[in-house]
Amino acid sequence: MILILLGAPGAGKGTQAQRLQASHGLIQLSTGDMLRAAVAAGTEIGLQAKSVMERGELVSDDIMTRIISERLDQPDCEKGVILDGFPRTEAQADALDSMLSDKKMALNAVIEMKTDDGVLVERVTGRYTCAKCGAGYHDSFLKPAKEGVCDKCGGGEFSRRSDDTAETVKSRLQTYHNQTAPLLPYYKDKGILKQVDGMAEIDEVTRQIEALLS
Ligand code: ADP
Ligand code: ADP
Ligand code: ZN
């Protein structure tokens with residue numbers, strides 16, 4: 001199964017992708033996480049991506065397409081994947097179509113997580129993750145059961161993204177509306193676009209996605 005989660009920054013893509021990974025054994029492919037790993041490792045792609053990400057703009061379609069194509073060739077992806085953060089432009093969507101047909105893979109569904117822009121700054125600026133296992137949390141909306149201790153792995157160190165500032169969210173949101181939102185009619189025309197209410201509580205969004213998949 002190949003699923004795309006499509007939504008604005010802070011819509012809940014990563015949160016739901018982590019749950020689908022756990023419940024369905026799918027592999028979460030987060031292009032944002034891959035780029036942050038490349039930045040941290042100081043690779044050539046990382047060096048090119050760093051300033052682009054800090055400005056809330058998009059890394060080039062060529063780089064992104066190459067990263068995803070190589071990742072899809074890894075054997076673990078045979079179990080099925082959730083694309084979290086890719087495609088983000090029509091050029092990436094076209095490239096995805098042709099790489100999937102080359103690889104004899106098929107796209108099952110595109111799930112739009114619909115949100116109002118007004119909630120996204122608070123979502124993004126309150127976001128943090130476990131430094132050890134990557135589990136996602138929020139200052140107000142998703143706290144660990146015991147303060148300062150990761151529910152998933154017991155880790156006590158957390159990190160915040162340097163691009164999760166109110167300022168950057170505004171430019172990322174503009175980028176989303178200009179370059180990524182046009183993918184909605186693109187997939188609607190193909191008859192594979194589905195929607196969930198990204199404004200609902202996290203567990204309710206999970207239920208809506210599960211209902212679509214069953
Ligand atoms: P968000 O949580 O805002 O959806 P991501 O973690 O998916 O953010 O992405 C962080 C940044 O990485 C983006 O603002 C962009 O600069 C870059 N990025 C991630 N995925 C892509 C992609 N498919 N194409 C171009 N740039 C990307
Ligand atoms: P994305 O990957 O789309 O950028 P995330 O899944 O990282 O978004 O969610 C952004 C922040 O908002 C996280 O801190 C997460 O815990 C929180 N969050 C996710 N979904 C919801 C929701 N439905 N309601 C409230 N907060 C949410
Ligand atoms: Zn953890």
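A polar contact is a pair of N or O atoms within 3.5 Å; within protein, one must be able to donate a hydrogen and the other to accept it, and residues adjacent in sequence count only if both atoms are side-chain atoms. This is a predicted model: local features need pLDDT of at least 70, side-chain atom pairs count only at pLDDT 80 or more, and totals for chains, interfaces and linings use all residues. Residues are numbered from 1 along each chain as its sequence is written, chains are lettered from A and ligands numbered from 1 in the order in which they are written, and side-chain values use heavy atoms, without hydrogens and water.

**View 1. Backbone atoms at ligand 2.** A backbone N or O atom of G10 lies 2.8 Å from an oxygen atom of ligand 2. For G12, the distance from a backbone N or O atom to a ligand 2 oxygen is 3.0 Å. A polar backbone atom of A11 is 3.3 Å from an oxygen atom of ligand 2.

**View 2. The shell around ligand 2.** The shell has 9 nonpolar, 6 polar and 4 charged residues. Nonpolar means Ala, Val, Leu, Ile, Met, Phe, Trp, Tyr, Cys and Pro; charged means Asp, Glu, Lys and Arg; the others, Gly among them, are polar. Helix 1 (13-24) gives the most, 3 residues. Helices (H or I, at least four residues) and strands (E, at least two) are DSSP runs, numbered from the N terminus.

**View 3. Around L83.** Beyond its neighbours within four places in sequence, L83 is in contact (heavy atoms within 4.5 Å) with residues including I2, L29, I68 and L96.
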